[in-house]
Amino acid sequence: GIFMMTNGEMCVLKGSDRLKMASGGNPAAVGLWTFMTHSEKLSWMNDLIAVAVFEAKDPMWMESNITIYEWRTT
């Protein structure tokens, strides 16, 4: 994904997600995200790692909760 700021700065998100389908339950997924930018203002994002947890409220993902945990590596 790409984050584009209103001032033109941008950051690239690279992620790997895994989906779990439970029999009789709603699907859930977890993802590991890293970020990359050449922007000086956003350079702190280069040291950022995030774990995203997606929990569907229904089988078709019409509504869901997303929780993101982030860590700085330095």
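Hi everyone, let's start in the middle of this one. Eleven residues make up the largest nonpolar core: Cys11, Leu13, Ala29, Trp33, Phe35, Leu42, Met45, Leu48, Ala50, Ala52 and Phe54. The top contributor is β4, with four residues. Please keep in mind that this is a predicted model.

As background, nonpolar side chains in soluble globular proteins tend to be buried together.

Phenylalanine 35 sits in strand β3. Is phenylalanine 35 buried or exposed? Its relative accessible area is 12%, and the cut-off for buried is under 20%, so phenylalanine 35 counts as buried. Now for its surroundings. If we skip the neighbours within four places in sequence, phenylalanine 35 is in contact with Phe3, Cys11, Val12, Leu13, Met45, Asn46, Leu48 and Ala50. If you like a distance to check on screen, go from phenylalanine 35 to isoleucine 68: they are 33 residues apart in sequence, and their C-alpha atoms are 14 Å apart in space.

Leucine 13 is another core residue. Which residues does leucine 13 touch, not counting those up to four places away in sequence? They are Gly1, Phe3, Trp33, Thr34 and Phe35.

That brings us to the aromatics. How many aromatic pairs does the structure hold? There are two. One that I'd like to show you is formed by tryptophan 33 and phenylalanine 54; it is tilted, at 6.3 Å centre to centre with 50° between the planes. This pair links distant parts of the chain, with tryptophan 33 in strand β3 and phenylalanine 54 in strand β4, 21 residues apart. Both tryptophan 33 and phenylalanine 54 are buried.

Ile2, Met4 and Met10 make a nonpolar surface patch of about 320 Å². Methionine 10 belongs to strand β2.

Next, the loops, beginning with the one between β2 and β3. Methionine 21 lies in that loop, and methionine 21 is exposed, with a relative accessible area of 60%. Between methionine 21 and cysteine 11 there are ten residues in sequence terms, and 31 Å in space from C-alpha to C-alpha. Glycine 25 has its place in the loop between β2 and β3 too, and glycine 25 is partly exposed at a relative accessible area of 34%. How far from proline 59 is glycine 25, C-alpha to C-alpha? The separation is 7.6 Å, although the two are 34 residues apart along the chain.

One last stop, for those of you who enjoy backbone torsions. Tryptophan 61 is found in the loop between β4 and β5 (64-72). Its phi is positive, about 60°, although tryptophan 61 is not a glycine. This residue is partly exposed, with a relative accessible area of 33%.

Technical notes. Residues are numbered from 1 along each chain as its sequence is written. This is a predicted model: local features need pLDDT of at least 70, side-chain atom pairs count only at pLDDT 80 or more; totals for chains, interfaces and linings use all residues. Side-chain values use heavy atoms; hydrogens and water are left out. A nonpolar core is a set of buried Ala, Val, Leu, Ile, Met, Phe, Trp, Tyr and Cys residues joined through side-chain atoms within 4.5 Å. Buried means under 20% relative accessible area, exposed over 50%, partly exposed in between (1.4 Å probe, protein chains only). Helices (H or I, at least four residues) and strands (E, at least two) are DSSP runs, numbered from the N terminus. Contact means heavy atoms within 4.5 Å. Patches are made of residues with over 30% relative accessible area and no salt bridge: like charges are joined within 9 Å, nonpolar side chains (Val, Leu, Ile, Met, Phe, Trp, Tyr) within 5 Å. Accessible areas come from the Shrake-Rupley method with a 1.4 Å probe; for residues, only the protein chains shown count as cover. A salt bridge is a side-chain nitrogen of Lys or Arg within 4 Å of a carboxyl oxygen of Asp or Glu. Rings of Phe, Tyr and Trp (its six-membered ring) pair if their centres lie within 6.5 Å; planes under 30 degrees apart count as stacked, over 60 as edge-to-face and the rest as tilted.
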